[in-house]
Every structure is written in structure tokens, then in C-alpha cells.
Amino acid sequence: MSDSSTAEQWLIARVGALPATSIGWFRAGVGFYNKKKYNFSIECLKRAVELDPLNYNAFQIMARACIAVNRRDEAVEALKQSVKLDNPTDWQLLVELTSQKGNTISETDIVR
């Protein structure tokens, strides 16, 4: 199976089934992340949060997968969702990513 296929195609070809729940998609996403198949991981984790928008763990791993493939803006958005869901562990990475060069914040942005 080529790298240009989707996670869904990979799962059907190799496993013969697709996850039916947010947890299933999350676990598949973690599996792909651990195998360094970051785009497949992101795809699965997006499916997980479509099914359960409160799954901050999926946002957390998705952010790290996005960082691994240089999708910084998506990583920041995933981290923002994670901290909005009261996940305190992602504040550090969110601050670090939003403090990098080229990402300036004005005082008016802070007041909002």
C-alpha cells in the first residue's frame, strides 16, 4: 500500500475493518503515531474528535503528529482545543509554539 493512500484504506486492506467509535479511531491514531505514520495518525484522530469533540487526548496527540510533519498551525489549533477542554498539560507546548518567531501577538489580542 502506497504512502499516498489514506488511513481508512490502510485499515480496510490490512485489518479488514474500520473503528466504529471515537476510542477506536483514537487508538488507531496512536498506533499510527507510534509507527511514525503521522498523516495517518492525524486522519484517525480527526475522526475521533468528530465522533467525540470532548476527547482532549485526541487533540493532544494530533498536535504532536502535526508538529512532526511541520503542520504548525494545525498543531496550535489542536492544542487550543485541548486546553479549552481543561487539559492543563498542553499549556506549555501551546505557549512555546505561539511564542516562536513569526507569531507575534499584540496587546489588543491579549485583551480580547
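**Gln 60 and its surroundings**

A: Leaving aside residues up to four places away in sequence, Gln 60 touches Ser 82, Asn 87, Thr 89 and Asp 90. The model is predicted, and the values that follow should be read with that in mind. Gln 60 lies in helix H4, which spans residues 56–68, and because its relative accessibility is 16%, under the 20% cut-off, Gln 60 counts as buried.

Leu 54, in contrast, sits in the loop between helix H3 (38–51) and H4, and its relative accessibility of 61%, over the 50% cut-off, is why Leu 54 counts as exposed. Between the C-alpha atoms of Leu 54 and Gln 81 the distance is 8.9 Å, although 27 residues separate the two in sequence.

Turning to the aromatic side chains, the model contains 3 aromatic pairs. In one of them, Trp 10 and Phe 32, the ring centres are 5.1 Å apart and the planes stand at 80°, so this pair is edge-to-face. The pair links distant parts of the chain, since Trp 10 belongs to helix H1 (residues 7–14) and Phe 32 to helix H2 (residues 22–34), 22 residues apart. Both Trp 10 and Phe 32 are buried. Phe 32 also pairs with Phe 40, with ring centres 5.2 Å apart and planes at 75°, so this pair too is edge-to-face, and both of its members are buried. Through these ring pairs, Trp 10, Phe 32 and Phe 40 are linked into a cluster.

Conventions: Residues numbered from 1 in each chain as written. Predicted model: local features only at pLDDT ≥ 70, side-chain atom pairs only at ≥ 80, totals over all residues. Heavy atoms only, no water. Helix = DSSP H or I, 4+ residues; strand = E, 2+ residues; numbered from the N terminus. Buried < 20%, exposed > 50% of the residue type's maximum accessible area, 1.4 Å probe, protein only. Contact = heavy atoms within 4.5 Å. Phe/Tyr/Trp six-rings, centres within 6.5 Å; stacked < 30°, edge-to-face > 60°.
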